[in-house]
Amino acid sequence: MERAVYSHAVIDQAIGVVVAVGRLTPADAWDLLRETSMCTNTKLRHVAELVVTLGVTGNLVADIREDLARRLSGSD
């Protein structure tokens, strides 16, 4: 149960980062994170953790960064 609460919180935080950076609605940010998770074969919780870390450090692993950038630019 504790892990589920943590995962939900991290995903919500990542949605907030994507909303702020990408100027998307929360629903669109959710879709973007979910699609990035599926296309990069990375668990959604891990994608969310990486995006939250991006908000703090400015760093993001290449495959996730490239997929998010492509999706944010609208060329998916």
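**Helix packing and the core**

Mentor: Helices α1, α3 and α4 are what the buried residues of α2 pack against. Buried means under 20% relative accessible area, exposed over 50%, and partly exposed in between, with a 1.4 Å probe and protein chains only. Contact, as used for packing, means heavy atoms within 4.5 Å. Helices are DSSP runs of H or I with at least four residues, and strands are runs of E with at least two, numbered from the N terminus.

Trainee: Before we go on, what kind of model is this?

Mentor: This is a predicted model, in which local features need pLDDT of at least 70 and side-chain atom pairs count only at pLDDT 80 or more, whereas totals for chains, interfaces and linings use all residues. Residues are numbered from 1 along each chain as its sequence is written, and side-chain values use heavy atoms, with hydrogens and water left out.

Trainee: Back to α2, then. Which of its residues are buried?

Mentor: A29, L32, L33, T36, S37 and T40 are buried in α2. They lie on the same side of α2, because they cover an arc of only 130 degrees around the axis; the arc is that of the directions from the helix axis to the C-beta atoms. M38 and C39 are exposed on the face turned away from that buried side.

Trainee: Why would such spacing put residues on one side?

Mentor: An α-helix has 3.6 residues a turn, so residues three or four places apart point the same way.

Trainee: Which residues of α4 are buried, and what do they pack against?

Mentor: I64, D67, L68 and R71 are buried in α4. Their arc around the axis is only 95 degrees, which puts them on the same side of α4. The buried residues of α4 pack against α2 (26-40) and α3 (44-57), while E66 and S73 are exposed on the other side. G74 follows α4 and has a positive phi, near 85 degrees.

Trainee: Now the largest nonpolar core. Which members touch the most others?

Mentor: Among its 17 residues, V18, L33, V51, I64 and L68 touch the most other members. Two or more residues come from each of α1 (2-22), α2, α3 and α4, and α1 gives the largest share, six residues. Such a core is a set of buried Ala, Val, Leu, Ile, Met, Phe, Trp, Tyr and Cys residues joined through side-chain atoms within 4.5 Å.

Trainee: What does L68 contact beyond four places in sequence?

Mentor: L68 is in contact with L32, T36, V51 and L60.

Trainee: Turning to the loops, is T42 buried or exposed?

Mentor: T42, in the loop between α2 and α3, counts as buried at 15% relative accessibility. Not counting residues up to four places away in sequence, T42 touches S37, V47 and I64.

Trainee: And where is N59?

Mentor: N59 is in the loop between α3 and α4 and is exposed, with a relative accessible area of 54%. Leaving aside neighbours within four places in sequence, N59 contacts L50, T53 and L54. The side chain of T57 reaches the backbone nitrogen of N59 at 3.0 Å. T57 itself belongs to helix α3 and is partly exposed, at 45% relative accessible area.

Definitions and conventions
Polar contact = N/O pair within 3.5 Å; in protein donor to acceptor, adjacent residues only side chain to side chain.
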